[in-house]
Structures are given as C-alpha cells and as structure tokens.
Amino acid sequence: MDTKELLKKVRKIEIKTRGLSNQIFSGEYQTAFKGRGMAFSEVREYQVGDEIRTIDWNVTARFNHPYVKVFDEEREMTVMLLVDVSGSKNFGTQIQQKQELATELCAVLAFSAIQNNDKVGVLFFSDQVEKFIPPKKGRSHILMIIRELIDFKPAHKGTNIAEALRYFTSAIKKRSTAFLISDFMSEKFENELKIANRKHDLVALKLYDIHEEEFPDLGLIPVADEESGQIEWINTGDKKVRQAYKAAALERNGRLQDLFRRSGVDYTSIGTHQSYIQPLMTLFKKREARR
C-alpha cells in the first residue's frame, strides 16, 4: 500500500471511529473503565451515610467532632491494546476481514481513551511479540497506531497468546486496562491470563467469522489454514461433516467462555458479519452495572 492510499485509509477510519467515540462510546467508556487510583483531596465534617472507614481520627480528636477524608478518583489510566496479527487475521467471508474489524475496534477504543485523557499503547503478537508501542497520549499517536494496524506485516503466522501476556505483564508495571483482541485459536494460556488479570484489568474481545463456526453446503471445497499454510479438502455437502464441524466449534467456544469465567476476565464475541457497536455497548453496560 503506498503512502497516499494508506493516509486516505487512516483518515477514513479516523472519521468513522472518532464519530462513534464522540457520539456513543465516550461516556460509556468513562463509567465502565474508571481510574482505579484515589488521591486525597480534603477533610470535611462527617455526614450521615459516610463510610466509617473514611473517618480521620486525628482531626476528629482535635475538634471533638467526626471528620472524614475526601478522595478524588484519579481518572487518568493507561490503556493497552493487545492485538493478534497472526495469519488467521486475514480470514473473513462476510462484510470484512478480522484485521479490518480489529483495526476499527482499536481505533474506537483509542479515541475513547484519549478523550478521557488516558494513554494508549499497543502490543502486536503472532506466535511471538512482533511490535510494542509504549503508551502515550494524543491524536497523532493514535493515528500512528491506526497506520500500523492497517499496514503491519508480521514476521510469523502462528498464535501464542501466553507469550504475548507474559511480555505485557513484564513490560507494563503500572496497573492498566488491557483489551486482548484475538480469535483465541492458540495453545493453552490460562495461567498467563490469570496472572495478567490480577495485575491489570483485562478484557477479551473475540473476533470470529460465521464460517469458522458453521459450514454452508458448498460441496467439495479446499480450506486453507492461514497459519500453517496447509490445504484440506472438505465435503461440505455431507450433513454429518457440517454437524461435526459445528459441534466442534460450539465445544471450543464453550471451553473459551469457561476459561474467561474462571479467570475473572470480561469477554464478548464480535463477528465479521455484524456491527461491533452493540457487543461493545453491552460489555460496557455490564461492567457499569457492577460498579
């Protein structure tokens, strides 16, 4: 892709995702992903309903009347986008490929973050960490991230989520909110997921294509594995083959949901055939309701 075409694409994504962020996501994002730190602000007289734990006993003893400490929430956060750039990102039989979906998702999240004065960083991974962009603020930084998402060429095609999480946990010391964006077709990563989620606030966004879950009846077709390069001929005209394929996908999805539940990680699925607005809004509102 030449520079002119790339910049045109970046601008198009910016206009769409910035608009969505302004109109829809910004307020939801702020309430769903509040800053965790609390900074001391002042003391004031105790009022009915105040937490007993916030009483300042020194000031209370001095004035012989209960006083409480008031804290302001430190809003600024670090947001990390952990993006799967393995070979399967090129799969997509519907409106868009997984890579295009991931790019728009990252852009919406990044613009929502900088509107709330948060820093944004990115980690690209395949079966190894391909690129790490440290967290920073500002529109120009976000546009650079979008440019990389569109034009990045990974050196490897496999997927290793455990390796990406290990790198992330050691690279980002301060607690952050991290979005793990992948199709999650990877070797085991439960232990690394739990460790990362203890240290950070981890959210999983699973990208999928409906034809990874269910075959249409197309007769004998070649199916290429984007990560291994292997081609397999499958008879989709056989009802048993289609049923077995669907059953395997349902079992895989069930295992993944159980894994996220056990690990305490918030999770949603977004298909290449649908708008990401509703799944994201549902996820944000679910988090908001817990606060």
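Two strands pair if DSSP finds at least two bridges between them. Helices (H or I, at least four residues) and strands (E, at least two) are DSSP runs, numbered from the N terminus. This is a predicted model: local features need pLDDT of at least 70, side-chain atom pairs count only at pLDDT 80 or more, and totals for chains, interfaces and linings use all residues. Residue numbers start from 1 along each chain as its sequence is written, and side-chain values use heavy atoms, with hydrogens and water left out.

**Figure 1. The six-stranded open sheet.** The strand order is β5-β4-β3-β6-β7-β10, and the pairing is mixed. β5 (129-136) and β10 stand at the edges with a single partner strand each, so one side of each lacks a neighbour in the sheet. From one strand to the next, the twist averages 15 degrees. Such angles run from 0 to 180 degrees between N-to-C directions; axes are lines fitted to C-alpha atoms, for helices over the stretch in contact. Strands of a sheet pair through backbone hydrogen bonds, either parallel or antiparallel.

**Figure 2. The whole protein chain.** The chain holds nine helices and ten strands. Its C-alpha trace spans about 85 × 45 × 35 Å along the principal axes. Of the 291 residues, 46% are buried. Buried means under 20% relative accessible area, exposed over 50%, and partly exposed in between (1.4 Å probe, protein chains only).

**Figure 3. Strand β7 and its two faces.** β7 covers residues 201-208. Eight of its eight residues are buried, so the strand is largely enclosed by the rest of the structure. Asp201, Val203, Leu205 and Leu207 point one way. Leu202, Ala204, Lys206 and Tyr208 point the other way, and all of these residues are buried. In a regular strand the side chains alternate between the two faces of the sheet.

**Figure 4. The neighbours of β7.** Strand β6 (residues 177-182) pairs with β7 in the parallel sense, over six bridges. Here Thr177 has Asp201 of β7 as its bridge partner. Strand β10 (residues 266-271) also pairs with β7 in the parallel sense, over six bridges. Leu207 stands opposite Ile270 in β10.

Figure 5. β6, helix α6 (residues 190-199) and β7 make a right-handed β-α-β unit. A crossover is right-handed if, with the strands pointing away from the viewer, the path from the first strand over the helix to the second runs clockwise. Phe184 lies in the loop between β6 and α6. Phe184 is buried, with a relative accessible area of 7%. Its phi is near 60 degrees, a positive value in a residue other than glycine.

**Figure 6. Packing of α5 against α6.** Helix α5 (residues 161-171) packs on α6 at an angle of about 30 degrees, with the axes 9 Å apart. That makes the two helices roughly parallel. Angles under 35 degrees count as roughly parallel, over 145 as roughly antiparallel, 65 to 115 as roughly perpendicular and the rest as oblique. α5 passes α6 in a left-handed crossing. A crossing is left-handed if the near helix is turned anticlockwise from the far one by less than a right angle, and right-handed if clockwise.

**Figure 7. Strand β4 between β3 and β5.** β4 spans residues 119-125. Six of its seven residues are buried, so β4 is largely enclosed by the rest of the structure. Strand β3 (residues 78-84) pairs with β4 in the parallel sense over seven bridges. Met80 stands opposite Gly121 in β4. β4 and β5 run antiparallel, joined by five bridges. Val122 stands opposite Ile133 in β5. These two strands, β4 and β5, form a hairpin with three residues between them.

Figure 8. α3 (residues 98-115) has 18 residues. From first C-alpha to last it reaches 26 Å, close to the 26 Å expected at 1.5 Å a residue. The expected span is 1.5 Å times one less than the number of residues. 16 of the 18 residues of α3 are buried, so the helix is largely enclosed by the rest of the structure. Asn117 follows α3, and its phi is positive, near 65 degrees.

**Figure 9. Asn64 in its loop.** Asn64 lies in the loop between α2 (57-63) and β2 (67-73). Its relative accessibility is 73%, so Asn64 counts as exposed. The phi of Asn64 is near 55 degrees, a positive value in a residue other than glycine. Most residues other than glycine have a negative phi.
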